[in-house]
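Thank you all for coming.

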Amino acid sequence: MAVQERERPEAETVGSSPARRLSVIQRGGSERHFQPTDPRIDLLRLPLAGRWLEKAVKSRRFQFAAILPNQIIFWLVIATGLIGVAVPSRNFSTAITWYVWFCAVFVMMVGAGRAWCLMCPFGGAGEWVQRRSFWQRHPISIGLHLKWPESWSRWGMLPSVGVFLAMTWGEEFLNIAGPGRPILTGLMVIFIITFAVGIFLVFDRRTFCRYLCPLTAIIGTVGSTGMVAGMRTRDREICLTCATKDCMRGSERGYPCPWYEWPGSATSNMMCGLCTECVKNCPHDNVGIFVQAPLTSVIAPLRRRLDVALAVLVFFGLVIFQQVNALGFYAPMEGTVNQFTHFSGYPNPIDYIGIIALVTGLVAAYVWGLRAVFGRERTGKAKGRVSSFAIWLAPLAYGLIPLMAADYLARQLPKFWLSSPKVIAVISDPFGYGWNLFGTAHAAIVGVQILSPEGVVISQVVLIALGTIGAVYATVRIVRRDLTKLTQHPRALTTVSAAAWTLGGAGVAALYVAMGAAT
Ligand code: SF4
Ligand code: SF4
Ligand code: SF4
């Protein structure tokens with residue numbers, strides 16, 4: 001295994017942003033890019049806690065301390081999954097992962113963006129191995145240090161979408177999250193950690209997190225609804241004249257941005273892993289941790305990425321598939337398709353891909369129709385001309401994010417409301433061997449369902465209503481800013497765009513009612 005010098009300045013130029021060619025810049029966007037769009041509340045400048053927080057994040061031990069508890073939990077998940085009892089509700093691996101963790105990660109995404117990435121054991125394990133250090137700044141790190149090829153980076157987060165689709169299919173096929181046999185949950189975690197460490201040893205920095213992690217695309221898109229804006233610069237003028245760009249290039253105080261981001265140009269929280277290296281690195285003390293109003297990272301960006309737009313459509317298709325497959329008609333339909341294709345098991349890949357493609361295609365067709373009806377520009381040189389499909393797809397897909405995010409969170413609720421108290425028992429008896437380490441193995445609350453099945457459905461419908469309101473609000477803001485100048489009927493366009501996601505939300509809520517709290 002080659003050992004290389006860590007400094008790789010050629011990759012740290014501003015504008016090396018991957019997925020550039022898959023992006024849509026709204027008219028005037030490049031000029032406005034450096035206008036102050038940053039949120040105003042800097043957690044490191046809060047009157048009381050700010051100083052304490054700044055000291056904490058400037059410590060090299062900060063991210064290690066955030067990752068360590070999850071690292072311990074996930075190795076316990078592996079151990080209990082492999083050698084614990086084969087009863088999902090009595091085994092720590094299945095109970096913690098599927099009754100609590102998956103739901104908690106989605107709550108974190110919707111509320112706080114990439115907060116999970118700050119404490120993630122998968123990226124943490126890969127980085128510790130790559131850096132040969134838990135927290136210290138080593139000048140050299142191990143691995144092949146390959147660059148993710150430019151021709152691949154144009155696909156942005158789509159490889160991660162592919163990995164997520166493949167893993168979700170595998171998970172459903174093996175009934176891992178059902179939850180099924182705990183050993184499968186343990187093996188799944190081993191697979192992800194091995195995959196992560198392997199990629200960290202082949203490619204530089206957090207290439208795995210940026211492009212390949214099965215969770216990165218879903219966290220990036222769903223997390224853009226969240227209130228953590230990520231690391232932003234306090235004064236962009238300082239960045240423009242900064243000679244060293246230590247945030248990107250690294251210094252003796254910290255590593256170069258592992259996610260290949262530049263805080264000086266950030267307009268969304270989508271690709272900042274909150275690792276705090278730039279806070280440690282900046283010689284001008286110009287980086288803060290900012291919070292923002294919900295949905296800001298959905299609405300504010302002037303450069304919209306087509307890979308993100310496609311990811312949103314595919315993810316929406318996937319969660320709709322997961323809803324549809326819980327309905328009564330699905331099993332007989334699947335049986336027919338299985339018979340026809342000589343496939344045994346669930347889900348049939350044709351159903352799986354077909355339903356996702358159908359939903360994706362329907363949303364794309366709606367955007368196409370909208371553009372066909374409303375897409376004649378009303379002003380300027382392009383008056384009367386119809387602008388490209390991409391210019392229409394990207395903003396409208398971003399507007400769908402709040403509904404898609406709410407749908408994923410709502411899908412996790414039944415397991416949480418109906419089964420999460422079981423975790424209290426498995427904490428005392430993680431392997432299911434009959435232990436009672438903390439005296440909670442037989443606690444009365446263990447058999448309690450936090451909500452009745454009817455309550456679960458109501459909570460899902462309420463969540464979808466909130467997601468729909470968020471989608472409509474975001475879409476109206478986005479359409480007014482980015483699309484009304486591309487049409488001769490701005491009011492009608494705004495109304496129809498808002499009505500479409502309202503109808504979509506109503507459809508999703510109806511599916512939850514029909515599912516009746518199915519897990
Ligand atoms: S991108 Fe994936 S591996 Fe990387 S920190 Fe986030 S969840 Fe973990
Ligand atoms: S090192 Fe600091 S001032 Fe320089 S570009 Fe980075 S964030 Fe801006
Ligand atoms: S170095 Fe800064 S911009 Fe880069 S991922 Fe870490 S926190 Fe985000």
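Let me start with Arg131 and Glu127, both of which are buried, where buried means under 20% relative accessible area, exposed means over 50%, and partly exposed means in between, computed with a 1.4 Å probe and protein chains only. Please keep in mind that this is a predicted model, in which local features need pLDDT of at least 70 and side-chain atom pairs count only at pLDDT 80 or more, while totals for chains, interfaces and linings use all residues. As for conventions, residues are numbered from 1 along each chain as its sequence is written, chains are lettered from A and ligands numbered from 1 in the order in which they are written, and side-chain values use heavy atoms, with hydrogens and water left out.

Arg131 and Glu127 form a salt bridge, with their closest N and O atoms 3.3 Å apart; the term stands for a side-chain nitrogen of Lys or Arg within 4 Å of a carboxyl oxygen of Asp or Glu. Why are Arg131 and Glu127 separated by about one helical turn? They are four residues apart in helix H6, and therefore about one helical turn lies between them. Helices here are DSSP runs of H or I with at least four residues, strands are runs of E with at least two, and both are numbered from the N terminus.

How many salt bridges does a search of the whole structure find? The search finds 17, and a network of them links Asp42, Arg45, Glu54, Lys58, Arg234 and Asp285.

Another arginine to look at is Arg60, in the loop between H2 and helix H3 (62–83), which is buried because its relative accessibility is 19%. Its side chain reaches the backbone oxygen of Arg253 at 3.0 Å, and the Arg60 side chain also makes a polar contact with the side chain of Glu277 at 2.8 Å. A polar contact is a pair of N or O atoms within 3.5 Å; within protein, one must be able to donate a hydrogen and the other to accept it, and residues adjacent in sequence count only if both atoms are side-chain atoms. A further buried side chain is that of Gln460, at 1% relative accessibility, which lies in helix H21 and reaches the backbone oxygen of Ala410 at 2.9 Å.

Now to the ligands. Around ligand 1 we find, among others, Trp116, Cys117, Cys120, Arg206, Cys209, Cys213 and Trp259, where a residue is near a molecule if one of its heavy atoms lies within 4 Å of it. Helices H5 (115–119), H6 (121–131), H10 (207–212) and H11 (216–222) each give two or more residues to this shell. Ligand 2 has 13 residues around it, of which Cys239, Cys242, Cys247, Trp262 and Cys282 come nearest, and helix H12 (236–241) and helix H13 (246–249) each supply at least two residues of the shell.

Finally, some backbone details. Two peptide bonds are cis: the one joining Gly178 and Pro179, with omega about -5 degrees, and the one from Tyr346 to Pro347, with omega near -10 degrees. Pro179 lies in the loop between helix H8 (158–174) and helix H9 (182–202), while Pro347 lies in the loop between helix H17 (330–341) and helix H18 (349–374). His342, found in the loop between H17 and H18, has a positive phi of about 55 degrees although it is not a glycine. Is His342 buried or exposed? His342 is exposed, because its relative accessible area is 74%.
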